[in-house]
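Work through the exercises below with the sequence and the model at hand. Each task is followed by a solution in steps.

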Amino acid sequence: MTKIYTHPNLYQVVNIQNLLDLKLIRTSVRNEFASGGSGELAPQDVWPELWLEDERDLGLAQNILAEIAANEQDDWYCGQCGESNAGSFDFCWDCEAPRKKI
Ligand SMILES: [Zn+2]
């Protein structure tokens, strides 16, 4: 299997997984519960990861990811609880406060 995506926020990884799933590209999430127990590992080694189930989907998955990256907005911080949110979110994943447009 091939790792095709990683991000510190599990919700963003699952969001990408759902977008790929709509295109019938099957993936699985690894490191889902790893953060917090990082120990001596580099922080990016414990980020949730998205792995491709079928290598034949690789080209299509990469195209979709490139498209997503091109449209991606910057991450933002919730004005209410301070959590970091992916740019694609309109509401805070944690406290559901709406994103404040600056
Ligand atoms: Zn919040």
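## Exercise 1: The largest pocket

Task: For this predicted model, sort the lining of the largest pocket by residue class, then list the residues and the elements they come from.

Solution. Step 1: by class, the lining has three nonpolar, five polar and two charged residues.

Step 1: the residues that line the largest pocket are Gln12, Asn15, Ile16, Leu19, Glu67, Ile68, Asn71, Glu72, Gln73 and Ser88. Two or more lining residues come from each of α1 (10-22) and α2 (58-71).

Step 2: α1 gives the largest share of the lining, with four residues.

Step 3: the volume of this pocket is about 180 Å³.

## Exercise 2: Fold and burial

Solution. Step 1: the chain has two helices and five strands.

Step 1: among contacts with a separation of 6 or more, 49% join residues 24 or more positions apart.

## Exercise 3: The nonpolar cores

Task: Find the largest nonpolar core and name the elements that give two or more residues to this core.

Solution. Step 1: the largest nonpolar core has 13 residues. Those with the most contacts inside this core are Ile4, Tyr5, Ile16, Leu20, Ile25, Leu50 and Ala61.

Step 1: β1 (2-6), α1, β3 (49-52) and α2 each give two or more residues to this core.

Step 2: α2 supplies the largest share of this core, four residues.

Step 3: take Leu20 as an example from the core. Leaving aside residues up to four places away in sequence, Leu20 touches Ile4, Ile25, Thr27, Leu50, Ala61 and Ile64.

Step 4: apart from this core lies another, of six residues, including Trp76, Ala86, Phe89 and Cys92.

## Exercise 4: A salt bridge between strands

Task: How far apart in sequence are the parts that the pair Glu49 and Lys3 ties together, and is each residue of the pair buried, partly exposed or exposed?

Solution. Step 1: Glu49 and Lys3 meet through their side chains in a salt bridge, at 3.5 Å from N to O.

Step 1: Glu49 belongs to strand β3 and Lys3 to strand β1, so the pair ties together parts 46 residues apart in sequence.

Step 2: the cut-off for buried is under 20% relative accessible area. Glu49 has 10% relative accessibility and therefore counts as buried.

Step 3: partly exposed covers the range between buried and exposed, where exposed means over 50%. Lys3, at 41% relative accessibility, counts as partly exposed.

## Exercise 5: The remaining salt bridges

Task: How many salt bridges does the structure hold, and how exposed are Arg26, Asp21, Asp54 and Arg56?

Solution. Step 1: the structure holds three salt bridges. One of them, between Glu49 and Lys3, was treated above.

Step 1: Arg26 and Asp21 form a salt bridge through their side chains, at 2.1 Å from N to O. Arg26 is partly exposed at 41% relative accessible area, and Asp21 is partly exposed at 36%.

Step 2: the side chains of Asp54 and Arg56 also meet in a salt bridge, at 2.7 Å from N to O. Asp54 counts as partly exposed, with 26% relative accessibility, whereas Arg56 counts as exposed, with 73%.

Key. Residues are numbered from 1 along each chain as its sequence is written. This is a predicted model: local features need pLDDT of at least 70, side-chain atom pairs count only at pLDDT 80 or more; totals for chains, interfaces and linings use all residues. Side-chain values use heavy atoms; hydrogens and water are left out. On a 1 Å grid over the protein atoms alone, a cavity is a set of points where a 1.4 Å probe fits but cannot get out, and a pocket is an open set with protein on both sides within 12 Å along at least five of seven lines; lining residues have an atom within 4 Å of a point. Grid points are joined across faces, edges and corners, and a volume is the space filled by probe spheres set on the points. Ala, Val, Leu, Ile, Met, Phe, Trp, Tyr, Cys and Pro count as nonpolar, Asp, Glu, Lys and Arg as charged, and the others, Gly among them, as polar. A nonpolar core is a set of buried Ala, Val, Leu, Ile, Met, Phe, Trp, Tyr and Cys residues joined through side-chain atoms within 4.5 Å. Buried means under 20% relative accessible area, exposed over 50%, partly exposed in between (1.4 Å probe, protein chains only). Contact means heavy atoms within 4.5 Å. A salt bridge is a side-chain nitrogen of Lys or Arg within 4 Å of a carboxyl oxygen of Asp or Glu.
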